[in-house]
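Visitor: Could you take me through the pockets and the ligand site of this model?

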Amino acid sequence: MSRIDALLRAMTLTEKLGQLNLVTANQAITGPSTNAAIDTSIRAGEVGGVFNLWGREAVSATQRLAIEESRLRIPLLFGLDVLHGHRTIFPAPLAETGAFDPDLWTRTARAAAQEAAEDGVSLTFAPMLDVCRDPRWGRLIEGPGEDPHVASIFAQAKVKGFQGWDLRHPGAVAATVKHFCAGGAATAGRDYAAADVSARQLREIYLPPFRAAVMAGCAAIMPAFNSIDGLPMTAHIALLRDYLRNELGFDGVVLSDYTAIQELIEHGVAADRVEAAALALNAGVDMDMVSDAYLENLPDALARGLVKQEQIDAAVRRVLALKEKLGLFDEPFRIATVDAHNPEAAHNLARDSARRSITLLTNHNMLPIGENMRRIAVIGPLADAHMEMLGSWSAAGRAENSVTILEGLKAALPMHDIVHTEGVSLAWDDDRGVAEACELARSADLVVLCLGEAAYMSGEAACRATPDLPGAQQQLAEAVIATETPCVIALTCGRPLMIGDLAERAGALIATWFLGDMAGHAIADVLTGAFNPCARLPITWPRATGQIPIFYAQRSSGRPPDETNPFTSKYLDTPVTPLFPFGHGLSYGAAALENLRLDKEIFFADEKISVAIDVICSGKYARRETIFFFLRDPVASVARPVMELKHWRQIDLAPGDRKTISLTLGVEDFVFPGVDLKPTAEPGAFDLLVGFSAAPEGLLRASLRRAMRPNTA
Ligand code: GLC
């Protein structure tokens, strides 16, 4: 008899429900309520996992309660939101997605897992895979941006990084992919609000990243807070059971979000906690995060026939199986003795990933900083802000470990005269410091203007109806630019911000997002030219809030936008185009694409197509270039998006290089959800569009036609 069978046979109902109980230890506060007296509950066998607790001593002491003082001595899971680093903080996920480098995504997750495991963590609530096209949503920063293909590759890379090749490895943590699904489509960009997306949008946009994560072997999945079509995800049988379990064959653990089971009452689908617990269990949720509803109310649900004992046993079995996969029964403390953490390697990775996550949005011949720029005024509320560099969900990160922009520039330019003033505060509408800031600007050869958001203005519970520069920052920027001292703006932020005409008026504009510990050094590396910026936008940058949601893969319309024709899909007061398109980003020097070619223009359904294109590097800077390959399906059985990303490639180029990039298009690139939402590939004409971004004017085009083989019968 297996260990799990033996335990199931020995457990009381309370002990079984205890394994489904996930409680918070409050070392971090990540929700509206907490659990009390968890030590007592652990001793009584009423807890299966603890989260928001880290540190070897604290975790070991809590684990000891379970394996030495409870009746069946079942080890606990220890969870934490390790999204972009544990002790060493890497760039926030949206920023890092801009590196468009799956190997980098894996390496930072691997380093984070190593550090978290050394602190006793065995389960991370990451990666977050919410595709989002709405900068009002604070949690945009936690995920991989607007594109489902990018999100799918991101999912695979992160699951691989966190879990490694064997969960028993002491440096691995189990990945909980979240939030399943469509949290990023919440009404008006508000946390927890309904996401009424179509079945088609689910199949085209919101399900693919989770499919990729399941195929990559993720250990757990966390349903989203929101409802879809009036059904809260925590009780969504069609998506949790029929899709995840039956269609994808997911056999890992489904663990609820924070008090989400209890919240089924507020959703209006459960009259009380008994019904809420029954709905969640019937939908396939295995663990109850913080509600205590499984422990306290499933006995009544069982007695009232709302659930069956075998459902409880199946959930317990999945939780115990995860503990077994993690090796917790044999090594409950999971001492990470292998590959002992190397702080220097982590710092180097933090600096490299941060540099690769900086997007140069504009550069009017301003950057890199010229030798003649001897006196540099570093101005703004984000110039010397340690905590803000870490961003949200910074786990065990510490503000004092981060390098600010001011510190990074001083370290990079020790012989320069670098002066600083905050100018205005981060959030207060107080412009009294603007005059002094302008005085300092006038005295300098260059201003580095450090603007943006505080860490708390991004992440969960950080939605903004007006996602612009908080406080008096816009006034500060306009006044400093008016001094006519050359000015570079660095935006520390968790979302594309509405910045009015600053993009045109500033000498250069870089999006630095939240870059983690090595932010200051990385930003200085880019501003001085020590590193050629190579990140590209994983999210469309709107001109105005009113354009939201705005994204490149818009579904076609009967009257597509045409600024010259009023009777088309457009605005009276704002262009329909974004400020910066998906994939936008500059590097120092110049590059061009030429000679897009296919090995065939007509191909049969089962054939592959070879694609090649030449990339030329001109100018004096070596660079890493990212090239995006989109497909357009102009005529199909359903209206398709005007273009969809299918592949991207990166290539390193030296000045003067002309290199060829080639790839193969396969059947899977032409598959889409048909009228019946089943995977479909149809004959007909297609356009292959290749460019440095989704900007139509920069795309090279090639036509191809997919034919069906003549009937050979
Ligand atoms: C929060 C978040 C979720 C997180 C969980 C535990 O409410 O929605 O992403 O993993 O609680 O902290």
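**Pockets and ligand site**

Guide: With 5 residues, α7 contributes the most to the lining of the second largest pocket. Helices such as this are DSSP runs (H or I, at least four residues), numbered from the N terminus. The model is predicted, and totals for linings use all residues, while local features need pLDDT of at least 70 and side-chain atom pairs count only at pLDDT 80 or more. Residues are numbered from 1 along each chain as its sequence is written, and side-chain values use heavy atoms, without hydrogens and water.

Visitor: Which residues lie nearest the centre of that second largest pocket?

Guide: They are Arg203, Glu204, Pro208, Lys646 and Val671, out of 38 lining residues.

Visitor: And which domains does the lining draw on?

Guide: At least three residues come from each of domain 1 (3-337) and domain 3 (590-706), with bounds from an automatic or database domain assignment.

Visitor: Turning to the ligand, how many residues surround it?

Guide: The ligand is surrounded by 13 residues (a heavy atom within 4 Å). Thr30, Asp81, Arg139, His179 and Asp257 are the closest.

Visitor: What are the distances from its oxygen atoms to Asp81, Lys178 and Glu460?

Guide: A polar side-chain atom of Asp81 is 2.5 Å from a ligand oxygen atom. For an N or O atom in the side chain of Lys178, the distance to a ligand oxygen atom is 2.8 Å. A polar side-chain atom of Glu460 lies 3.0 Å from an oxygen atom of the ligand.

Visitor: How much of the ligand does the protein bury?

Guide: The protein buries 100% of the 310 Å² that the ligand exposes when taken alone, by the Shrake-Rupley method with a 1.4 Å probe.

Technical notes
A polar contact is a pair of N or O atoms within 3.5 Å; within protein, one must be able to donate a hydrogen and the other to accept it, and residues adjacent in sequence count only if both atoms are side-chain atoms. On a 1 Å grid over the protein atoms alone, a cavity is a set of points where a 1.4 Å probe fits but cannot get out, and a pocket is an open set with protein on both sides within 12 Å along at least five of seven lines; lining residues have an atom within 4 Å of a point. Helices (H or I, at least four residues) and strands (E, at least two) are DSSP runs, numbered from the N terminus.
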